[in-house]
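Trainee: I am new to this structure. Please walk me through the terms as we go.

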Amino acid sequence: MSFYGLLVFIHIFSAILGMGPGLVMTVIVKKASNMTELRHAFVIRNQLHIYTMIGGTLLLVTGVWMGFLNTYLFTQGWYWLSLSLFLTALAFGPFVLSPKSKPIKDILKNHKGETIPESYYRLAGKLFFFEHITNIIFLIIIALMILKPF
């Protein structure tokens with residue numbers, strides 16, 4: 001296997017490692033029916049997020065590295081659009097998702113009792129909306145990588 005082939009392998013494997021867990025993170029917490037389950041679901045979600053971060057980092061590194069090894073990629077619209085969308089989705093983390101998750105973390109840490117407060121549902125709905133947008137962006141990127149339409 002060539003070095004470029006190895007990068008392609010790592011890139012595809014990283015997409016599975018990073019994107020798979022990212023697509024189910026909202027589903028896990030939506031099934032919680034009380035605060036104990038919700039706290040546990042967020043622990044699982046945080047553990048899955050580690051895989052998403054590792055996979056996402058490897059995707060970016062291998063994708064750009066492949067571009068430097070095969071400069072033809074830099075002439076392709078699908079490559080630039082994929083990279084732009086990826087960086088946009090990456091920016092969602094610190095600029096959108098993290099600020100929207102902070103009040104939820106406060107609820108998980110400080111709420112007493114087993115009933116999930118109504119404020120959690122309102123805050124989670126906003127967070128999950130932006131997580132779904134991020135997931136759609138990643139699905140578009142995957143389609144661009146497969147189809148290479150332009």
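Mentor: Start with pLDDT, the predictor's confidence in each residue, from 0 to 100. Helices (H or I, at least four residues) and strands (E, at least two) are DSSP runs, numbered from the N terminus. This is a predicted model: local features need pLDDT of at least 70, side-chain atom pairs count only at pLDDT 80 or more, and totals for chains, interfaces and linings use all residues. Residues are numbered from 1 along each chain as its sequence is written, and side-chain values use heavy atoms, with hydrogens and water left out.

Trainee: What is the mean pLDDT of the protein chain, and which elements have the lowest and the highest?

Mentor: The chain mean is 96, and 100% of the residues reach 70 or more. Helix 1 (residues 3–30) has the lowest mean among the elements, 94. Helix 3 (residues 77–110) has the highest, 97.

Trainee: How many helices and strands are there in the protein chain?

Mentor: Four helices and zero strands. Along the sequence the pattern reads α-α-α-α. The C-alpha atoms fill a box of roughly 60 × 25 × 20 Å, taken along the principal axes.

Trainee: Why are helix 2 and helix 3 called roughly antiparallel?

Mentor: Two packed helices are described by the angle between their axes and the distance between the axes. Axes are lines fitted to C-alpha atoms, for helices over the stretch in contact, and angles run from 0 to 180 degrees between N-to-C directions. Under 35 degrees counts as roughly parallel, over 145 as roughly antiparallel, 65 to 115 as roughly perpendicular and the rest as oblique. Helix 2 (residues 35–69) and helix 3 pack at about 160°, with axes 12 Å apart. Helix 2 and helix 3 are therefore roughly antiparallel.

Trainee: What makes the contact of helix 2 with helix 3?

Mentor: Contact means heavy atoms within 4.5 Å. Helix 2 brings residues including Phe42, Leu59 and Val64. Helix 3 brings residues including Phe86, Leu90 and Ile107. By class, the contact has 14 nonpolar, three polar and one charged. Ala, Val, Leu, Ile, Met, Phe, Trp, Tyr, Cys and Pro count as nonpolar, Asp, Glu, Lys and Arg as charged, and the others, Gly among them, as polar.

Trainee: What is the angle between helix 3 and helix 4?

Mentor: About 165°, with the axes 9 Å apart. That makes helix 3 roughly antiparallel to helix 4. Their contact has 23 nonpolar, four polar and three charged residues.

Trainee: How do you know how helix 1 runs against helix 4?

Mentor: Their axes come within 10 Å and cross at roughly 155°. So helix 1 is roughly antiparallel to helix 4. Among the contact residues are His11, Met19 and Leu23 of helix 1, and Phe128, Glu131 and Ile142 of helix 4. The classes are nine nonpolar, five polar and two charged.

Trainee: Why is the pair of Glu131 and Arg45 called a salt bridge?

Mentor: A salt bridge needs a side-chain nitrogen of Lys or Arg within 4 Å of a carboxyl oxygen of Asp or Glu. The closest N and O atoms of Glu131 and Arg45 are 2.1 Å apart, so the pair is a salt bridge. Glu131 lies in helix 4 (residues 118–147) and Arg45 in helix 2, 86 residues apart. By this rule the count is one salt bridge.
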